[in-house]
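Thanks for coming. I will go through a few contacts in this one, so please have the structure open.

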Amino acid sequence: MPGHTLEESLLQSAVRVEDPASIDGEEIDVAVDRDRLSGATDTAASFQFDGEDHTLGNALRYIIMKNPDVEFCGYSIPHPSEAKMNLRIQTYDGVSVHAVLEKGLDDLMAMCGVVEKKFQLARDEFVANRMEH
Amino acid sequence: MPVPSAEELTKRKRVEVGIETVSNQASTDFPGHWPGESHEWDIEHFEKKFDIRFHKYHPHDAEFSLVGIDTSVANAFRRIMLAEIPTLAIETVFINQNTSIVQDEVLAHRLGLIPLQGSKEGLDWMRWYHQPTEDDPGSGSPSDYNCVQLHLDVKCEWQEDGLKRVAQGETDPDRLYTGHNVYARDIVYTPTGKQHDIFDKEPIKPVHPQILIAKLRPKQEITLMMHAVKGVGQDHAKFSPVATASYRLLPTIDITKPIVGADAKKFARCFPRKVIALEEVTAQDVQEHPELKGQEGEAKAVVADPMSDTVSRECLRHAEFKAKVKLGRVRDHFIFRVESTGQRDSDELFLESVRLLKVKCQRIKRGLNEMMR
C-alpha cells in the first residue's frame, strides 16, 4: 500500500465520529487526530470500533486468534461510559493486519450462517418429532 | 501432525469443578497452543462438529443446546438477545388526570414495563423514533410508522347499593365499587394512518391482560395517552425482548470408583432427583472391581441424567465420596434457555441474534473498506 500508513487506523464507518470532548459535537478528523491509536505498522495495529462492546469484541478476538498468521489479538473497552471498543492485532512476518481483520469478519459471518442453518434444522426436526408422538 | 486421542480431547473440553476451585477454565483450541496441532479456523470442520439439540419448544419458552461452539460466540448471541433486539414499549405518557394514589411518575414507569404484542409483520414495519432535541430535529413529530398511540381511561364508581352495603359493614371492594382495579387489558390501542391496515388482524395489546396497574376508590380516575416506540434493551430494560436469556454448561459426573450399598443411596440424595439412578451390582462389576466381592445384587450408583444436575457439589462434602467422584462441566456445550416476554417467539429471537451478529460484521467490513480507500 504505497503512500498509506496505518497510523490512520481509526476505523470509521458511515456514521459521523463526534469528538466526545468537544462541546459542539465537532467531528474527529482522522488525519489530525492520529495519536488516538498511533504507532501502527502494517503488521501491528489497533482499531477502534464505535458503538461496539464485548458482544462483538470477544467474538472477533476469538475468530482472529484462530488464524495461524496472528501472533497476538486482544480487545479492551477503555472506559465503561464510552461506547468504544479497541482491538489490537499483531501478525507474523509481513501479513497485513487489514487482511487478517477482514478474514476474521468473514469467518464470523460464515459461522453465523452455519449456526442459523443448523438451528432451523434442529427446530423443524424437533417439531416434526413432537407431532408424531 | 499428531492427532490427539478422543480421551485427550474430552479432557481438554472438561472444566473441572473441585470442592472450592474451578480449573481448566480457558479454551485452548488456538493455533500454536498445542505443539504440532493446527486448530486453524475451518468452516467445514466447524460445520461437521457443531450441533444443536432442542429440549423444550414453546412459543415463549425454549431450551436448546449448542454443542461445539466457543464461549465468546455463544455469549455474543446471549448478549444480543438481551440488549440489541428491538421491541415496542411505552416510552411517553401524557397524563391528563390522575387522582389515584399512584404518583404520575410511578404510574408512567409501571406502564412502560408492560409487555406489548401485535402483528409481527407490523412490528417489523415500524421504524425507529428519535426524540427531537434543541439542536437535533430527530424524527420530528411522531408518525404512524414510528409511534403507536394507546389510551387508558378509567374511573372508579360506587356500585348500586354500594353505600348501603358499606353501612352494613361490607368491606369487600368487589361488592362495593366498579372499576376499582385497573388492569393492563384496560389499555386501548388507537390505530392511526397505515396502522389501520397493518395491525388490522392482530392489533397491539398487552401480552398479559391481568397485570394490575393501579387500584382506585370511588371518584378517583386515570385519564392518559401513551406513545409506544421501538427501542433496544441497551437503552432501557423494558425494551428487552426476553424475560431471561441465559446459558449454562452441561454438568458432568464421573464416578471413578464404584459407590454401592447404603453409600449409593446417600450419594443419590446429594443430587437433584433422577440425576443418579440405582442399579444392581452385576457379576461383571465384581469381575472389574474385585473389592466388590460378595456385594453382588446390592445397589450401585450410576449417572442417569447429568443435564438436570445443578452442580451443588454436595457430594464433595462427604469424605466417603471425595475420592470416588469427579464433577465437571463441558466447556463447549451450552444449554440455552430463552424466555420471551411475548412480542416475538423464543426461537425467532435466537435466529434474530445470529442475524444481528452477522449484520454487525457486515457493517464493520464496509467501514474497513472505506478506511482503506
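**Around one glycine, then the cores**

Leaving aside neighbours within four places in sequence, B:Gly328 is in contact (heavy atoms within 4.5 Å) with B:Arg14, B:Val15, B:Glu16, B:Val17, B:Leu250, B:Pro251 and B:Thr252. This is a predicted model, where local features need pLDDT of at least 70, side-chain atom pairs count only at pLDDT 80 or more, and totals for chains, interfaces and linings use all residues. Residues are numbered from 1 along each chain as its sequence is written, chains are lettered from A and ligands numbered from 1 in the order in which they are written, and side-chain values use heavy atoms, with hydrogens and water left out.

Is B:Gly328 buried or exposed? B:Gly328 is buried, with a relative accessible area of 1%; buried means under 20%, with a 1.4 Å probe and protein chains only. B:Gly328 is 304 residues from B:Asn24 in sequence, and their C-alpha atoms are 9.9 Å apart.

Next, the cores. A nonpolar core is a set of buried Ala, Val, Leu, Ile, Met, Phe, Trp, Tyr and Cys residues joined through side-chain atoms within 4.5 Å. The largest one has 60 residues, and those with the most contacts inside it include A:Leu60, A:Leu101 and B:Phe350. Not counting residues up to four places away in sequence, B:Phe350 touches residues of both chains, among them A:Val115, A:Phe119, B:Phe64 and B:Phe77. A second, separate core has 30 residues, including B:Ile90 and B:Phe199.

As background, nonpolar side chains tend to be buried together in soluble globular proteins.

Conventions:
Buried < 20%, exposed > 50% of the residue type's maximum accessible area, 1.4 Å probe, protein only.
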